[in-house]
Amino acid sequence: TAEGFLIAVVGCDGSGKSTVADALLAHIRRYGPAETCHLGVQSGQIGRRIARLPLIGALLDRKIANKSSRARDKHDKIPDPLTALVIYLFSLRRVRRFRRMLALRKRGIAVVTDRYPQTAVHGFFDGPGLTVAAATNPFVRMLARRELALYEWMTSFSPDIVIRLNVDVETALARKPDHRRESIEAKVAATPQLSFGGAPILDLSSLDPLTEVIAAAARAVDPIFAR
């Protein structure tokens, strides 16, 4: 059985990744079996669930956010081994989803991914979470090395095409009002820097009408399946 094609849909939160990925899945199924895979760790969803806990939720959410931001600061140290371990475990969760995606491809099933791991930008945005920190603890350094190796392994598998959705900060925040502005700003700025092992990248603007964005993405993937 020939390996299934791989199409990655990437972009900042609020850029329309999930909507475009679902539409592409329906389009690609005209050619044969296809599935979608979410390759994020969904830590933001967990954080928002914590924030909704009665009495202590808001306090816990602020504490986790503060530790997370420090872990992603190039000029700061990871605050403690426990925080580093949590970040590493989230990366293992991503690897588990990635392996499931590879298993689908091995069966000849085309896959459309919502998000894709990358190593061009460290610290956030589906990249390694620990390697940017000036870790001095031996345990944390070991976790950082192992996490980076996992991301390098995942990014060794290049998509057949990457659909990169670009959006501005205000539009993204309007669509995702529960997200932090500083996080959205960082992701919008980083989006053009993302690369995926030399895979061809189609840049689309999320400000265009959704029907046009989906149509352009569909036109880009058609030649892949026509091979």
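Of the 227 residues in the protein chain, 44% are buried. The model is a predicted one. The protein chain holds eight helices and five strands. Two of the helices, α1 and α7, are described below by their buried residues.

**Chain overview**
- Along the sequence, the elements run β-α-β-α-α-α-β-α-β-α-α-β-α.
- Take the contacts between residues at least 6 apart in sequence: 76% of them join residues at least 24 apart.
- The protein chain has an accessible surface of about 11,500 Å². Carbon and sulfur atoms account for 56% of that surface.

**Helix α1**
- Helix α1 covers residues 17-28, which is 12 residues.
- From first C-alpha to last, α1 reaches 16 Å, close to the 16 Å expected at 1.5 Å a residue.
- Its buried residues are Lys17, Val20, Ala21, Leu24, Leu25, His27 and Ile28.

**Helix α7**
- Helix α7 spans residues 181-190.
- Ile184, Lys187, Val188 and Ala190 are buried in α7.
- Their arc around the axis is only 165°, so they sit on the same side of α7.
- What covers the buried residues of α7 includes helix α6 (169-175).

Definitions and conventions
Residues are numbered from 1 along each chain as its sequence is written. This is a predicted model: local features need pLDDT of at least 70, side-chain atom pairs count only at pLDDT 80 or more; totals for chains, interfaces and linings use all residues. Side-chain values use heavy atoms; hydrogens and water are left out. Helices (H or I, at least four residues) and strands (E, at least two) are DSSP runs, numbered from the N terminus. The expected span of a helix is 1.5 Å times one less than its number of residues. Buried means under 20% relative accessible area, exposed over 50%, partly exposed in between (1.4 Å probe, protein chains only). The arc is that of the directions from the helix axis to the C-beta atoms. Contact means heavy atoms within 4.5 Å. Accessible areas come from the Shrake-Rupley method with a 1.4 Å probe; for residues, only the protein chains shown count as cover.
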